[in-house]
Amino acid sequence: MNAAKKGIITNEMLEVARKENINIDELIEKMKRGVIVIPCNKNHASISPEGIGSGLRTKINVNLGISKDSSDFEKEIRKVKKAIEMEAEAIMDLSSFGKTREFRKELVDISSAMIGTVPIYDLVGYYDKDLKDITAKEFLNVVEEHGKNGVDFITIHAGLNKETIKVFKRNKRLNNIVSRGGSLTYLWMQINNKENPYYEYFDELLDICVKYDITLSLGDACRPGSVNDATDASQIKELMVLGELTLRAWEKDVQVIVEGPGHMAIDEIESNMLLEKKLCHGAPFYVLGPIVTDVAPGYDHITSAIGGAIAASKGADFLCYVTPAEHLRLPNEEDMIEGIIAVKIAAHAGDIGKKIKNAKEWDYKMSVARQNLDWETMFSLSIYEEKARRYRKESKPEIEDTCTMCGKMCSMRNMNKIMKGEEVDIL
């Protein structure tokens with residue numbers, strides 16, 4: 001952001017302009033205003049930079065990491081490599097137990113995707129003491145450690161301050177605070193009767209971000225955990241605080257992403273996108289879902305993709321994937337793959353809806369291949385080629401240019417023949 005304000009063109013800017021096929025001057029102008037960010041820690045040497053924000057393709061994030069109940073380091077690294085192979089633009093390391101530092105450093109070393117973390121998850125394991133005994137300064141020390149390790153963006157729940165908590169307590173919720181980071185912050189504040197360290201020492205936090213070029217992802221501690229709680233007083237109060245913090249970050253040239261809901265009915269999504277953009281001054285919006293119904297455990301990659309497509313089409317810039325395992329268990333590799341595919345569909349559908357440059361070109365090429373019954377091109381254009389090829393292989397048709405759904409009644413095949421004046425044989 002500092003370079004953009006000074007008119008300095010960096011290699012990262014050039015790479016993003018090339019990937020997005022946009023004018024470099026347009027990119028720099030939007031970066032100056034904070035509506036586009038390029039998360040890229042100066043210590044992350046293996047990164048292939050990506051832009052997030054106004055007029056750019058919607059990016060996707062994959063959550064991974066080790067926990068007390070699932071601490072298999074190598075299994076998670078294999079999932080990381082698969083996520084990168086599937087072209088996820090970002091990976092968030094949500095590790096909370098075990099060799100978190102080692103996992104994080106290997107992740108940064110091997111990843112071309114941008115890396116995000118939630119430093120508060122790492123507090124207890126890092127210091128090996130109870131949350132209540134951790135000091136405000138120690139909250140900041142963990143952020144510094146993540147910066148040294150090369151993390152590109154960090155989720156910080158700085159909007160959950162004493163004022164926000166007063167609003168939360170006055171306005172009863174069905175599901176209270178469902179954000180893991182938000183609930184840990186709330187717990188620390190209540191036990192110690194103190195202000196949120198990330199809010200109280202926000203300037204010191206920004207100094208760490210400047211030092212390592214970390215993008216600040218302002219977390220939504222009060223995101224709704226059910227459609228019943230969506231767009232309530234707690235959520236909006238926190239969003240107002242995040243808007244104020246966004247301006248303070250920009251004063252120090254710290255890039256900002258704002259995080260959003262959460263669980264939300266379909267008819268509330270568009271207004272929530274507008275609210276964020278208004279209250280947070282156009283900062284890029286990062287949403288989990290939104291999950292549009294609460295009754296589909298085992299299928300929340302679908303409920304999330306429905307909401308994500310609508311959100312992206314109405315202005316969300318960055319989508320966090322949700323897997324079929326959401327609300328049930330840690331996702332395995334197959335769950336992760338399904339989650340990535342679902343969110344990629346949502347992101348691309350959103351890009352078509354918000355008229356991102358060349359977004360429909362991919363679909364145009366697929367439609368041409370389908371009309372021509374060009375199976376190889378169809379496979380190569382598929383959002384997940386491996387599955388498309390497997391389905392075709394598992395059910396071979398009698399006539400090669402058809403499939404086992406329609407056979408010789410294939411509309412594409414028969415219309416092609418009719419339009420060329422050829423005889424059509426259906427029997």
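At roughly what angle do the axes of helix H2 and helix H3 cross? I will start there. This is a predicted model, where local features need pLDDT of at least 70, side-chain atom pairs count only at pLDDT 80 or more, and totals for chains, interfaces and linings use all residues. Residues are numbered from 1 along each chain as its sequence is written, and side-chain values use heavy atoms, with hydrogens and water left out.

The axes of H2 (residues 11-20) and H3 (residues 24-33) cross at roughly 120 degrees and come within 9 Å. Axes are lines fitted to C-alpha atoms, for helices over the stretch in contact, with angles from 0 to 180 degrees between N-to-C directions. Helices are DSSP runs (H or I, at least four residues), numbered from the N terminus. On the H2 side, Met13, Leu14, Val16 and Ala17 meet Ile24, Leu27, Ile28 and Met31 of H3; contact means heavy atoms within 4.5 Å.

Next, two buried residues. Phenylalanine 202 belongs to helix H11 (residues 202-212). Its relative accessibility is 0%, so phenylalanine 202 counts as buried, that is, under 20% relative accessible area, against over 50% for exposed and partly exposed in between (1.4 Å probe, protein chains only). Leaving out residues up to four places away in sequence, phenylalanine 202 touches Ala158, Pro197, Leu216, Leu218, Leu245, Arg248 and Ala249.

Serine 234, in helix H12 (residues 233-251), also counts as buried because its relative accessibility is 0%. Beyond four places in sequence, the contacts of serine 234 include Thr164, Phe168 and Cys222.

Last, methionine 415 sits in helix H19 (residues 411-419). Methionine 415 counts as partly exposed because its relative accessibility is 41%.
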